[in-house]
Amino acid sequence: MNGVNGGLRQSMAWLHTWAGLLVGWLLLAIFATGTSAYFQDEITRWMQPEITGQRQITLASERALDWLQKNQPGADSWSITLPGPRAIASTVYWKPAGETRRSLRDHTITLDGNGEPVVSRATIGGFFLYRMHFDLHYMPVLWARWIVGFCAMFMLVAIISGVITHKKIFADFFTLRFGKGQRSWLDAHNLSAVLALPFHAMITFTGLVTLQSLYMPWGMTVAYPTVAAYSADAYGSEAPPVRSGNAAPVAPIAEMIRQARAAWGGAEPGYIDIAFPGDANGIVRMFRGGGDGMAARAKTLQFDAATGHMHPVPAAKGAASETESVMVGLHAGRYAPYLLRWLYFLCSLAGTVMVATGLILWTAKRRVQLPDPERPHIGFRLVERLNIASVAGLPLAFACHFLANRLLPLRMDGRPDWEVHAFFIAWGGSLVLACLLSPRRGWLALLAASTAAFAAIPVVDALTTDRWLVPSLLHGDWVFAGFDLTMIALAGALGFATWKVYKRPTVVVRRKRAATREVSA
């Protein structure tokens with residue numbers, strides 16, 4: 001507690017250290033899964049190699065409606081998720097008449113790029129990693145979002161206190177010394193933090209903004225009697241339709257899409273929902289797709305399903321709603337073209353490295369302060385094992401998740417769930433291994449396992465599909481080729497880390513009181 005009683009910089013250093021450590025392990029998972037989410041569409045495409053073709057919005061919509069009219073004519077609702085700018089598949093959902101809730105797994109089909117139904121392996125795709133970074137898993141969503149918000153607030157505190165603590169924040173940008181033990185970890189931590197500091201601050205603050213109505217609902221509850229009233233005012237809504245009992249086919253969807261494009265300045269729809277299709281009172285709701293603007297909240301148009309007549313365009317949002325929408329869009333990055341998306345990815349990867357090196361630095365710094373470094377107290381041992389499982393075990397979890405997509409039986413019951421289970425089984429196994437082995441052996445074992453697992457992905461891909469690296473390069477299929485090349489790059493980086501740990505000599509740590517003892521690095 002000495003830092004609390006010192007000057008401002010000492011107090012901020014104490015706050016920075018503990019704010020980062022207490023939530024660091026979960027923050028690492030949040031940053032890592034959020035980093036991968038910038039390419040969630042590409043990950044989903046890789047995890048569904050059976051789906052081919054090109055993105056065709058109008059054709060996909062028409063083919064989807066044709067299939068629904070033939071196979072689900074009496075359903076209460078039809079929905080079509082259309083491919084975004086980086087996707088080709090469409091997903092069709094329906095709710096049978098009389099059902100109180102929609103079962104997405106039981107009432108859904110996938111269409112390929114030509115709008116034809118296709119049988120592909122069941123998978124959650126990149127959506128799991130995207131949702132993992134703010135909904136976690138195996139727990140109620142509300143609890144998860146409160147926990148993630150708590151971690152994000154600690155992250156914001158760590159960023160601000162870290163800036164105050166650093167005396168030479170700009171000099172740190174140009175300093176990275178290798179092979180210097182604790183000094184090297186500090187340099188890596190400083191460099192990864194300073195390199196993308198504006199991004200780290202933006203992504204943390206806008207992450208809190210995305211769920212601001214959950215964390216700070218009091219203004220809404222004071223101004224509005226119900227949440228529904230607030231939503232109607234903020235996002236606009238019309239009274240839900242009532243089934244008339246008079247049959248009427250759905251008007252041509254292509255004309256509605258044409259009107260929507262005109263209203264949105266050429267932007268494409270991303271989602272179509274039809275309430276009471278085949279009824280004279282049916283309503284088509286069309287939601288603007290993402291990727292063509294920074295604002296994230298989808299604009300909506302409504303049409304009479306039977307006639308195709310467009311309802312009046314909703315009034316423009318107020319400045320507060322537009323600002324909130326843009327901040328959510330900044331966080332998600334769906335508007336970003338590929339070059340900017342890679343910048344998002346690299347900055348977020350730097351944030352992951354920042355958290356990881358901060359956790360390692362904590363143990364490296366305190367090991368030399370222990371009375372007996374060879375026999376650390378239980379608190380130190382707990383932090384050290386959690387660091388090993390988080391930093392070296394989390395990559396293994398990612399790799400096992402991708403391998404499960406290729407190796408699990410294609411018609412296995414609960415296949416998407418087992419892809420996710422593979423992630424957590426590998427991560428939990430990493431913690432067990434870290435607790436059973438000495439720290440040095442734990443680092444080596446998990447880093448080597450992660451290296452092997454990532455290196456195995458392109459090999460398994462070649463053995464299980466015809467869209468592996470070489471054919472993908474020859475046909476210019478850069479999504480599949482890029483994924484395998486990224487796996488090879490990650491395997492190389494982890495292999496280098498494994499080699500560095502293996503070659504690192506035993507260091508001498510001087511005890512506070514007496515003799516010098518050798519401890520593992």
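1. **The chain as a whole.** Please keep in mind that this is a predicted model. The protein chain has 21 helices and eight strands. It runs to 521 residues, and 46% of them count as buried. Its accessible surface is about 25,900 Å², with 65% of that belonging to carbon and sulfur atoms.

2. **Contacts along the sequence.** Consider the contacts in the protein chain between residues at least 6 apart in sequence: 67% of these join residues at least 24 apart. Several of the points below give examples of residues that meet across the sequence.

3. **Helix 5, its buried face.** The buried residues here are Ile57, Ala60, Ser61, Ala64, Leu65, Trp67 and Leu68. Looking down the axis of helix 5, you will find them within an arc of 160 degrees, so they line one face of the helix. What do these buried residues pack against? Their partners are strand 1, strand 2 (90-95), strand 3 (108-111), helix 14 and strand 4 (269-275).

4. **Salt bridges, and one across the chain.** The structure holds 14 salt bridges. One of them joins the side chains of Arg243 and Asp76, at 2.9 Å from N to O. This pair links distant parts of the chain, 167 residues apart: Arg243 sits in the loop between helix 13 (227-235) and helix 14 (253-263), and Asp76 in the loop between helix 5 (57-71) and strand 1 (77-81).

5. **Salt bridges between buried residues.** The side chains of Arg385 and Glu384 form a salt bridge at 3.4 Å, N to O, and both residues are buried. Another salt bridge pairs Glu419 with Arg415, where the closest N and O atoms are 2.9 Å apart. Why do Glu419 and Arg415 lie about one helical turn apart? Because they are four residues apart in helix 18 (residues 415-436), about one helical turn separates them. Glu419 and Arg415 are both buried as well.

6. **Thr123, a partner of Glu419.** Thr123 is found in the loop between strand 3 and helix 6. With a relative accessible area of 16%, Thr123 is buried, because the cut-off for buried is under 20%. Its side chain makes a polar contact with the side chain of Glu419, at 2.7 Å. A polar atom of the Thr123 side chain also lies 2.9 Å from the backbone nitrogen of Gly125. Setting aside residues up to four places away in sequence, Thr123 touches Met47, Gln48, Asn405, Pro416 and Glu419.

7. **Leu129 in helix 6.** Leu129 belongs to helix 6 (residues 127-135). Is Leu129 buried or exposed? At 0% relative accessibility, Leu129 counts as buried. Not counting residues up to four places away in sequence, Leu129 touches Thr33, Ser36, Ile43, Phe398, Phe402 and Phe423. Take Ser36 from that list: Leu129 and Ser36 are 93 residues apart in sequence, while their C-alpha atoms are 6.9 Å apart in space.

8. **Arg467, a buried arginine.** Where does Arg467 sit? Its place is in the loop between helix 19 (439-464) and helix 20 (469-474). Arg467 counts as buried, at 13% relative accessibility. Its side chain reaches the backbone oxygen of Pro49 at 3.0 Å. Apart from neighbours within four places in sequence, the contacts of Arg467 are Pro49, Ile51, Thr52, Asp461, Ser472, Asp477 and Phe480.

Conventions: Residues numbered from 1 in each chain as written. Predicted model: local features only at pLDDT ≥ 70, side-chain atom pairs only at ≥ 80, totals over all residues. Heavy atoms only, no water. Salt bridge = Lys/Arg side-chain N within 4 Å of Asp/Glu carboxyl O. Helix = DSSP H or I, 4+ residues; strand = E, 2+ residues; numbered from the N terminus. Buried < 20%, exposed > 50% of the residue type's maximum accessible area, 1.4 Å probe, protein only. Contact = heavy atoms within 4.5 Å. Arc of directions from axis to C-beta. Areas by Shrake-Rupley, 256 points an atom, 1.4 Å probe, with all protein chains shown as cover. Polar contact = N/O pair within 3.5 Å; in protein donor to acceptor, adjacent residues only side chain to side chain.
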